[in-house]
Amino acid sequence: MYKEKIRAYLDAHREEMIEDIKALVRIDSARTEAKEGMPFGEGPAAALAEGCRILEKHGFAPVNYDNYAIDARYNNKELQLDVLAHLDVVPAGEGWTVTEPFEPVVIDGKIYGRGTCDDKGPAMAAVYALLAIRDLGIELKKDVRLILGADEECGSSDIDYYFKKNSHAPMAISPDAEFPLIFIEKGSLHTSFEATLTPSEALPKVVSVKSGLKVNVVPAKAEAVVKGMSVEKLVPYCQKLEKELGVTVELTAGSPETESSLAGAEKRGLVSVLVKGTSAHAASPMDGNNALTALLQLIASLPLAESSSFEMLRKVSRLFPHGDYHGAGLGVNHEDEISGKLTLTLDIFNMDETKLGGLFDCRACISANDENTRQVVYRRFEEAGFTHDNRPMGKPHYVPKESELVRTLLESYTKITGRVEEPLAIGGGTYVHGIENGVACGCGDLNVDTHMHGPDEFVIVEQLLMSAEIFADAFMKLCGVEE
Ligand SMILES: [Zn+2]
């Protein structure tokens with residue numbers, strides 16, 4: 001019965017909400033150098049100050065926690081729910097066409113500007129949900145606490161600081177993701193491995209291997225330099241690889257670029273082998289075609305002279321077989337009904353005549369743990385003669401589908417949108433990762449690319465109003481309403 005009233009309230013306050021969001025977006029709140037009393041620099045502190053001003057204007061009594069975060073209680077009753085959003089942004093970047101990043105404009109029902117969808121708009125959607133409840137005279141039995149941080153984009157130290165000074169509410173949501181909600185954030189294992197090599201003069205041999213830019217990106221290119229094998233002799237092996245794996249291989253005699261320090265005579269007999277595949281985010285490596293593991297498979301198939309480097313390269317290829325995106329080569333291809341399959345991808349690898357080393361990205365399903373994953377991986381490396389960095393595993397984050405929080409949020413989502421959708425499992429971590437009984441919920445729609453973190457970031461006003469409706473409905477259900 002409140003549904004129509006809340007919608008009408010939000011429609012009546014649409015322009016005011018847009019103005020509040022614009023005021024926040026006009027502040028460049030990307031992290032800069034720390035200053036006295038401003039742990040993330042001037043911009044994030046200014047955004048928190050503006051957040052306080054807006055909350056005070058609406059009758060809240062916000063508290064600023066040393067410019068890490070601000071909070072505001074709704075009714076000071078027994079605390080039931082934390083709502084975590086953030087007022088910092090990623091840097092403006094290049095390529096804006098609709099407007100300047102910090103000069104927000106509304107065009108065709110969209111607000112453009114840095115931070116509109118991540119996360120200043122969603123923060124205000126939560127605020128207006130509370131305002132609608134209050135101004136319609138609805139009494140919540142328990143309290144909602146709004147927490148707005150200033151360091152989500154650079155490691156979430158804001159929230160760590162805040163919760164050192166405050167205890168948690170029994171439940172938490174963060175409107176900094178997608179609807180309907182994220183109930184699983186996979187665990188992680190990012191490990192490097194190394195081996196020392198004995199230089200060998202025996203030919204043919206691989207002189208060097210180079211691939212990868214970032215540990216969370218499946219490499220689109222991988223390059224090796226081979227010595228003692230002609231282009232003609234390499235061609236059939238490369239053609240076979242191209243046919244089997246769908247990559248392309250370019251061969252260049254002389255290898256002028258990677259071995260530019262070599263004198264002319266030494267360059268002779270060198271061939272550069274460049275494999276091109278397709279890049280992808282490490283959270284979904286199956287969307288790409290890993291050039292690095294393809295190159296390693298190619299090398300393992302060549303008739304090279306025996307040496308420690310050839311032996312170790314073959315071992316790396318066996319541990320990270322091409323097309324294995326789930327850790328089978330390392331014996332950790334776990335999966336479970338709740339969170340699906342573990343993903344694992346070798347994303348960085350380098351070799352020269354004396355050493356080799358690599359880095360992989362593993363997103364672990366919730367059934368993967370220290371014993372059945374981390375320890376297994378490290379044992380495989382040790383057995384194969386590699387050293388590793390012995391890093392601990394990042395724990396997965398999970399709130400059961402059957403929990404009151406998840407059930408209620410899904411119910412509210414369906415009630416307002418008419419859509420029935422399954423909660424999402426993702427490979428990354430959100431603002432509530434590690435917060436017990438916390439889920440990321442809204443305000444994005446998976447079918448709309450809002451250019452988050454890119455140029456021309458926008459948020460759809462209607463989407464925010466609908467988000468506020470969903471939040472209002474959920475707040476009333478989770479906190480209870482006085483009759
Ligand atoms: Zn965000």
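Helices, taken as DSSP runs of H or I of at least four residues, and strands, taken as E runs of at least two, are numbered from the N terminus. The structure is a predicted model, in which local features need pLDDT of at least 70 and side-chain atom pairs count only at pLDDT 80 or more, while totals for chains, interfaces and linings use all residues. Residues are numbered from 1 along each chain as its sequence is written.

The protein chain contains 12 helices and 26 strands, and its C-alpha trace spans about 85 × 45 × 45 Å along the principal axes. A residue is called buried if 20 or more other C-beta atoms, placed from the backbone, lie within 10 Å of its own, exposed if there are 12 or fewer, and partly exposed in between; by this criterion 47% of the 483 residues are buried. With contact defined as C-beta atoms, placed from the backbone, lying within 7 Å, residues 24 or more positions apart account for 75% of the contacts that have a separation of 6 or more.

A nonpolar core is a set of buried Ala, Val, Leu, Ile, Met, Phe, Trp, Tyr and Cys residues joined through C-beta atoms within 7 Å. The largest such core comprises 139 residues, of which A129, L295, V439 and F475 touch the most other members. At least three residues of this core come from each of domain 1 (3-186 + 397-479) and domain 2 (187-388), the bounds being those of an automatic or database domain assignment. When residues up to four places away in sequence are not counted, A129 touches A468, F471, A472 and F475.

Elsewhere in the chain, the axes of helix α1 (residues 3-12) and helix α4 (residues 116-135) come within 10 Å and cross at roughly 120°. In this pair, I6, Y9 and L10 of α1 meet Y128, A132 and D135 of α4.

Several backbone features were also noted. A cis peptide bond with omega of about 0° joins F179 and P180, and P180 is found in the loop between β8 (177-178) and β9 (182-185). The peptide bond from G442 to C443 is likewise cis, with omega near -5°, and C443 is found in strand β25 (residues 443-444). D66, which is not a glycine, has a positive phi of about 55°; this residue is placed in the loop between β1 (63-65) and β2 (69-73) and counts as partly exposed, with 14 C-beta neighbours inside 10 Å. D456 also has a positive phi, near 60°, although it is a residue other than glycine. D456 lies in the loop between β25 and β26 (458-460) and is partly exposed, with 16 other C-beta atoms within 10 Å.

Methods
Contact = placed C-beta atoms within 7 Å. Axes fitted to C-alpha atoms, helices over the stretch in contact; angles between N-to-C directions.
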